[in-house]
Amino acid sequence: MSASFLVAGVFRSMGSCPVATGRMVRRAVPRRLARDDSCRVASRAAFHRRDVGLVMLAARHASTGREPFVMHENEVFDVVVVGAGPVGMTVAERVARAGPTVAVVEERLVGGECNYYGCVPSKAMLWPMEIAADVSRMPGLELGGPIDAAAVLDRREEFVSHFDDSDYVSGLNDLPATFVRGRGRLSGPSQVAVRTPDGGTLSLRAGEAVVLATGSTPAIPGIPGLREARPWTNQEATSARQVPERLVVIGAGPVACEMAQALHALGAREVTMLVRGDRLLAQTEPFAGDLVAKSFAGLGIDVRFRHTAVRVERPVPKGPVSVHTDAGERIDADEILVAAGRRLAVADLGLETVGVDADGPIIVDARMRATAVPDGWLYAVGDVNGRNLLTHMGKYQARVCADVITARSGGLEGDIADERGAPQVIFTDPQVCAVGLTEARARAAGFTVRTVEYDLAAVIGARLRGDDYQGRAKLVVDEERRVLLGATFVGPSVVDLLHSATIAVTCEASLDQLRHAVPVFPTVSEIWLSLQTEYGL
C-alpha cells in the first residue's frame, strides 16, 4: 500500500471510515479506523498532539491507483472555515495543530486580499518611495535618477507569487487541513453548502464549529457614472502593470493616501485627491493628517478638501476619465482610484438560514461567537464582524477563536479578545503610527484625559536621520490611573516606535513604571523620555 499521507478526517463522511460526528475526534478513533480495511493508521505518534489529548488522524488510502481522496456529499469535519485569507488560514492552522479536523473553503485566491491586493503589494510599492525620501534628506547622498517603476512592479509580482496560490494551498494541505475550492455559504445549522467551480454543489457539516472569515470588499459610492467607468480600487492599484500619468483619487483614508503617494513616486505626474472632509486620515489625531497633507503639497500632490465628485464620465472603456465636482470643476485623468471604505462580505453567506442579520457586520462576543446563534457553533473573525478592519487584528481574533474552539471541546470557555491596543501604521512619508484611543475618543468614552505632545525634530536621534526632519508624537493618558490610553507617532521611519506603545497600552503599564524603561541614546526612541519629561516625570 504505497500512497501519500492524507488527513484522515476527510474520511469522516457517510459511508467511509465512520467515526462519531458530534464531538472532536479523540484517542478512540485510531481503533475505529483500524477496523476499516480501506484505511490504515500511518503512525501512532500522529494521534497525539500537545497535552490536551486531541487526536489527529493520519491515514493512507488503499493503493488502487485512484486519487487519494474524493470528496463525498455530507462530509463531516470538526471545524469548517469559510474564507482562506490570512485570518481564515490562521484559524485553520491553529485548530489543525491542536488536533481537530478542518476543512477550508475559498472561492478566490487562497491567501486573501491582504496578500495579493493590499498590505503586501502596497508595501512593495511604498518602501522604494520611503528609501528615496530618506536619501533626499541626507546630505552627501543623491538619487541617480527617478525610481525605476518597472523594476519595483516586477519585484511586487514576486511578493504576490504572480497571483498563483498553489503554495498557500499546499500549506493548508500540509497542516493538515482539507481545502475545498468554491463559494461557501451556510445552508442551516452547522451546514455549509459549497458551489464548486464546475457548477456543482457540495455539502459539508461541522461537528464543532463553522468559522466565517470572508473579509470585506472595496466600497464603490453611488456617484452617477462611477461604476460604469470601472474605476480602480485597491485591487487594481496594487496590481497595475502601468502607472497612469494622471490620477484622480476619491478618498482620504489609509488606502487613498498610501496609493496616491506610491503611484506619484512611481511616475503619476498629476495626482488629484478629492476629500469630502477638511483633513486627511480623519480617524487619527488631527496633526497626523496635517503633516501628511504638508508632505503631499511639497511633492505636488493636489489635495482638494471639501470637494466631492458628483459625476464621472468615461466614454471609451479604459480611455480617459472626467470627474465633475460639486465645486463645478472638471478634472480629466487617465485613471480614477476609489478608496472610500470597505463593504463587509456578508452577502450570499446564507446568514438568514440560521437567524443572523445579513445586512451588517456579524455581531460577535469577545470569544468571536456570533451572538445571534445560541448554540455557539458559529464564529466570525476579521473584517466580517466589523470590530476592527486590520489584518493583524483579524489574525489576533483568529488565534482567540481557534483557542476557544479547542478549549470548548474540553468543557472550557477559552480566552477572550482584548482589542484596546489595536495598532495601525499608514506607510506614507511621513509614516503615521497609532495605537489605542485618540484624545477625542478617550474623552468621548468618559476618561479623565491628559495629553502630552512633543516635536520629534527636537530629538537628536531623529535629526540624525536627515535634514529637515519633521514629525510629532502624542500620548493620551488616563489621568486617574496614570496609564496610557493611546499614542500616535508621525514622522519618517517611526514605525518601530509603535510596538513599545502597543505593549504599554495593552498591558496598562503605569507611567511610573514606564519611566524606568530607558531609551537608547541617540535614537528616535528617546521621544519616550521627552514625552515623559513633558508630562512632569
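Trainee: Why is P430 called buried?

Mentor: This is a predicted model, and in it P430 has a relative accessibility of 8%. Buried means under 20%. The value of 8% falls under that limit, so P430 counts as buried.

Trainee: Where is P430 found?

Mentor: P430 sits in the loop between strand 20 (423-426) and strand 21 (431-436).

Trainee: Which residues are in contact with P430, leaving aside neighbours within four places in sequence?

Mentor: They are L291, V292, S295, V490, G491 and P492. Each has heavy atoms within 4.5 Å of P430. Another pair involves G471, 41 residues from P430 along the chain. The C-alpha atoms of P430 and G471 are 7.5 Å apart.

Trainee: How do you know that C114 and C119 form a disulfide?

Mentor: Their sulfur atoms are 2.2 Å apart. The cut-off is 2.5 Å, and 2.2 Å is within it, so the pair counts as a disulfide. The structure holds one disulfide. The link of C114 and C119 is left-handed, with -130 degrees about the S-S bond.

Trainee: What makes C119 partly exposed?

Mentor: C119 has 32% relative accessibility. C114 is at 11%, which is under 20%, so C114 is buried.

Trainee: Why are C257 and C401 called buried?

Mentor: C257 has a relative accessible area of 0%. C401 also has 0%. Buried requires under 20%, so both residues qualify.

Trainee: Why is helix 4 called roughly antiparallel to helix 5?

Mentor: Helix 4 (residues 119-137) and helix 5 (residues 149-159) pack at about 150 degrees. Angles over 145 count as roughly antiparallel, so this pair does. The helix axes are 9 Å apart, and the crossing is right-handed.

Trainee: Which residues meet where helix 4 and helix 5 pack?

Mentor: Helix 4 brings V120, P121, A124, M125 and P128. Helix 5 brings V152, L153, R156 and F159. These divide into eight nonpolar, no polar and one charged. Arg counts as charged, so R156 is the charged one.

Trainee: How many helices and strands are there in the protein?

Mentor: There are 15 helices and 24 strands. Of the 537 residues, 53% are buried. Among contacts with a separation of 6 or more, 66% come from residues 24 or more positions apart.

Key. Residues numbered from 1 in each chain as written. Predicted model: local features only at pLDDT ≥ 70, side-chain atom pairs only at ≥ 80, totals over all residues. Heavy atoms only, no water. Axes fitted to C-alpha atoms, helices over the stretch in contact; angles between N-to-C directions. Helix = DSSP H or I, 4+ residues; strand = E, 2+ residues; numbered from the N terminus. Parallel < 35°, antiparallel > 145°, perpendicular 65-115°, else oblique. Left-handed = near helix turned anticlockwise from the far one by under 90°. Buried < 20%, exposed > 50% of the residue type's maximum accessible area, 1.4 Å probe, protein only.
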